[in-house]
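The points are grouped by topic.

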Amino acid sequence: MIKVENLSVSYSDKYVLNSITLEIPDGSWTCIVGPNGAGKTTFLMALLGMNPYSGSIKFNGKEVFKDMHRNVAFVPQRPQIPLGMTVREYVGLGRSKIDGWGRERKIGRALIYQTLEETQLIGLQNQLVTQISGGELQRVLIARAIVQEPEIMLLDEPTSALDLHHQITTLNQIELLKNKGVTIVSTMHDITLGAMYAERIIVMQNGKVLLDGGAAEVVHSNELKSAFDHGISVHTLKDGHTVITANKVRNELI
Amino acid sequence: MKTEIQQLKPVWRWQVNAVFALALIVVSVIAISIGPVNLNFNGIISTMLGRSSLLTDQERILLLEIRLPRVALAALVGAALATSGAVYQTVFRNPLADPYLLGAAAGAGLGATIAITNSGKSFSVVLPIFAFLGGVLAVLATFLVAGKFYTDPSSLLLSGIAVGSFATAVQTYLQQKNSAVLRPVYSWILGELTVADWESVKWAAIYIIFALGVLIRISKLLDGLMLSDEEAFSLGISPNKIRMIAVGAATLATATAVSVSGLIGFVGIVVPHIVRGITKKATNRALLSISLFGATFLVLADLGARTLIAPAELPIGVITAFIGAPFFLFILKAKRGRAQ
């Protein structure tokens, strides 16, 4: 259970997050959406616990700030790509937390291999990370997070660099982890996609939680539209799926 | 499935290091034997093993008091520069970072110039101390200038450039004011190992081996510095702490190397890249290989420096750039060729 109380983060006197209070139950998938600059990534960073914040974030009753004992995997939107490291070595870094840096225990090695198989990376294992495509890199990042065997997984826009097909395979992969009991918190631009996978959606605007609830409930609410300045429309398809699109503004109207 | 797991390469391999160590020993023995007076191999080896000597007394003194300390110093300086370069490249996530980046070179240059201008002919005694202090102080100043942004690699780089330029400006001013010192300052800047004696080898060895030991010990954690700070944190390390230890140890090694040998360029950039080409490993994962190769590289360069235009001597920095630059270009070109 992650318990967030009165969480605020400010950069040079400007609040990026403004007194957020919420709870995230274990083994759930929470998706954070909202316009650019709403504070989504900052919220994710606060959950990671590296940078100072005011208020409190407790994981299983312990404050998360600088707590190195928790096992939280983080999948960044723009990762730093190391030179001269192969896909296999890069994925192997995920074991550092459990096996120690530069060390691999047998059980870890088996998990790395199994994960490379599952994420269809086994053929790429000896390629340099600098030489793979954006979609492959995203899979590599997910694979690294999987071998970390985390309790919580934080993902910043996990699908933004991917084509439609790989968006789905990546999200399926994350869903498998959720089913194993990992708590997932992700930011996403694509609300339609988020609502397909996450059971809970939090809409943020100007550093505050605007809406928080079950996926279906949030998607059909009016507040969602107002968060995006009424620039979006919600359509329900015949098969019950919901699709959210941006309203096209005709040139002659501008 | 089991066989597949075994096929995965282990992360660390000792064989490569064994080959590099052997190369260093062979090259060192060759370097010791060649000079105005050539010494024979059997004589060198039996003398070094402490057995009854096949060399004359004069040859023994030449071997033990002149050639050996010089080769030892070259090896230490080479290892220090190459390893610090590799660590700086990892910490600053920049393949072109070199060990002089944070102002160590300019600071040491200023220190050396102050020593040479103020202590007359006996400067060789105080020069290493002044150069060492200059280098360390300049790096400290870089951190002070960066202030609270010291954890951000690019802020640190910028303040390093500022501090370096300032130190160079002061150095140039002193140099112009005392034109008599131009020659010794200039030859120091180009790098020289002529002052090698056991006393300087001893001091250099203490600092450099300590610093390299720290760096090799934390080298596996440096993996984390190649990721973003958030990723490193989520994998269980404090990136700032590791960065400070790494930069501190690399600066100690660099300042020591500079204080005994002047400014020897190119080693810190070229050697890590060559070794990465050979071992196919991320720079920080091959620090021991890089130390050994750097040592070998500089022993060879020094051999060239004292034999190419014998009896005169070339500055060793000229040799490293002379061999290093074309070799570097060759590797870059070969790499591009493969990539296409």
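This is a predicted model: local features need pLDDT of at least 70, side-chain atom pairs count only at pLDDT 80 or more; totals for chains, interfaces and linings use all residues.

Helices (H or I, at least four residues) and strands (E, at least two) are DSSP runs, numbered from the N terminus. In those terms, Glu149(A) is placed in the loop between H5 and strand E7 (152-156) of chain A.

**The six-stranded sheet of chain A**

- Six strands of chain A form an open sheet with mixed pairing, in the order E6-E7-E8-E3-E9-E10.
- Strand E6 (72-75) and strand E10 (208-214) of chain A are the edge strands, each pairing on one side only.
- On average, and with direction ignored, neighbouring strands of this sheet are turned by 15° against each other.
- Strand E3 (residues 29-33) and strand E9 (residues 200-205) of chain A run parallel and are joined by four bridges.
- Within that pairing, Val33(A) has Val203(A) in E9(A) as its bridge partner.
- On the other pairing described here, E9(A) and E10(A) are antiparallel and share six bridges.
- Ile202(A) stands opposite Asp212(A), a residue of E10(A).
- The hairpin of E9(A) and E10(A) has two residues between the strands, and Asn206(A) takes a positive phi near 50° in this hairpin.
- E9(A) is largely enclosed by the rest of the structure, because five of its six residues are buried.
- In a regular strand the side chains alternate between the two faces of the sheet.

**Helices of chain A**

- The axes of helix H5 (residues 134-147) and helix H6 (residues 164-179) of chain A come within 11 Å and cross at roughly 5°.
- Angles under 35 degrees count as roughly parallel, and H5(A) and H6(A) are therefore roughly parallel to each other.
- On the H5(A) side, the contact is made by Gly135(A), Gln138(A), Arg139(A), Ile142(A) and Ile146(A).
- On the H6(A) side, it is made by His166(A), Thr170(A), Gln173(A), Ile174(A) and Leu177(A).
- By type, the residues of the contact of H5(A) with H6(A) comprise four nonpolar, five polar and one charged.
- Leu137(A) also belongs to helix H5 of chain A.
- Because 18 other C-beta atoms lie within 10 Å, Leu137(A) is partly exposed.
- Leu137(A) and Leu121(A) are 16 residues apart along the chain, and their C-alpha atoms are separated by 9.8 Å.
- Helix H1 (residues 40-48) of chain A has eight of its nine residues buried, so it is largely enclosed by the rest of the structure.
- The buried residues in H1(A) are Lys40(A), Thr42(A), Phe43(A), Leu44(A), Met45(A), Ala46(A), Leu47(A) and Leu48(A).

**Positive phi in residues other than glycine**

- Ser19(A) lies in strand E2 (residues 14-24) of chain A.
- Phi of Ser19(A) is positive, near 30°, in a residue other than glycine.
- Ser19(A) counts as partly exposed because it has 14 C-beta neighbours inside 10 Å.
- Glu149(A), in the loop between H5 and E7 of chain A, has a positive phi near 45° and is likewise a residue other than glycine.
- Because 17 other C-beta atoms lie within 10 Å, Glu149(A) is partly exposed.

**The largest nonpolar core**

- The largest nonpolar core has 178 residues.
- Leu47(A), Leu154(A), Ala75(B), Val77(B) and Ile208(B) are the residues with the most contacts inside this core.
- Helix H4 (residues 57-91) of chain B gives the most to the core, with 17 residues.
- Ala75(B) is in contact with Leu24(B), Ser28(B), Ala295(B), Leu298(B) and Val299(B), leaving aside its neighbours within four places in sequence.

**The contact between chains A and B**

- Chain A gives 25 residues to the contact and chain B gives 24.
- On the side of chain B that touches chain A, helix H1 (2-7) and helix H10 (229-234) of chain B are the elements that give two or more residues.
- H10(B) supplies the largest share of that side, five residues.
- The residues of the side of chain B that touches chain A divide by type into eleven nonpolar, four polar and nine charged.

Key
Residues are numbered from 1 along each chain as its sequence is written. Chains are lettered from A and ligands numbered from 1 in the order in which they are written. Two strands pair if DSSP finds at least two bridges between them. Axes are lines fitted to C-alpha atoms, for helices over the stretch in contact, and angles run from 0 to 180 degrees between N-to-C directions. A nonpolar core is a set of buried Ala, Val, Leu, Ile, Met, Phe, Trp, Tyr and Cys residues joined through C-beta atoms within 7 Å. A residue is buried if 20 or more other C-beta atoms lie within 10 Å of its own, exposed if 12 or fewer, and partly exposed in between; C-beta atoms are placed from the backbone. Two residues are in contact if their C-beta atoms, placed from the backbone, lie within 7 Å. Angles under 35 degrees count as roughly parallel, over 145 as roughly antiparallel, 65 to 115 as roughly perpendicular and the rest as oblique. Ala, Val, Leu, Ile, Met, Phe, Trp, Tyr, Cys and Pro count as nonpolar, Asp, Glu, Lys and Arg as charged, and the others, Gly among them, as polar.
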